[in-house]
Amino acid sequence: MKAIITKVEFKKEQEGRFGMQYVFLIGYDEKKAYYYAKKKDQTDFVQGNEAEFIEEEKTSTKDGSKYFIVKL
């Protein structure tokens with residue numbers, strides 16, 4: 001899908017299966033989703049720019065709540 005990015009907010013860094021990951025909250029189309037980047041200075045999602053990405057719905061293993069992630 002394509003959308004104009006309305007928000008990019010760094011949330012945290014964490015150790016993942018493949019090394020350090022940087023977690024961002026991405027806003028678009030009145031939705032919010034998490035994006036996991038390999039670099040803290042990611043440029044894939046820039047506020048005000050259009051981005052093409054894949055949106056996936058996930059279910060939390062902690063409480064069963066639903067959330068979205070975005071991938072390139």
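Colleague: Why is K7 called partly exposed?

Modeller: Buried means under 20% relative accessible area, exposed means over 50%, and partly exposed lies in between (1.4 Å probe, protein chains only). K7 has a relative accessibility of 28%, so K7 counts as partly exposed. This is a predicted model, in which local features need pLDDT of at least 70 and side-chain atom pairs count only at pLDDT 80 or more, while totals for chains, interfaces and linings use all residues. Residues are numbered from 1 along each chain as its sequence is written, and side-chain values use heavy atoms, with hydrogens and water left out.

Colleague: What makes the pair E9 and K7 a salt bridge?

Modeller: A salt bridge is a side-chain nitrogen of Lys or Arg within 4 Å of a carboxyl oxygen of Asp or Glu. The closest N and O atoms of E9 and K7 are 3.1 Å apart, and the pair therefore meets the rule. E9 has a relative accessible area of 27%, which means that E9 is partly exposed.

Colleague: How many salt bridges does this rule give?

Modeller: The count comes to five.

Colleague: Which residue forms a salt bridge with K71?

Modeller: The partner of K71 is E56, with the closest N and O atoms 3.2 Å apart. This pair links distant parts of the chain, since K71 lies in strand β6 (residues 66-71) and E56 in strand β5 (residues 54-59), 15 residues apart. Strands are DSSP runs of E with at least two residues, and helices are runs of H or I with at least four, numbered from the N terminus.

Colleague: Is Q42 buried or exposed?

Modeller: Q42 has a relative accessible area of 12%, and Q42 is therefore called buried. Q42 lies in the loop between β3 (31-37) and β4 (50-52).

Colleague: Which residues are in contact with Q42, leaving aside its neighbours within four places in sequence?

Modeller: They are V8, F24, Y35 and A37, where contact means heavy atoms within 4.5 Å.
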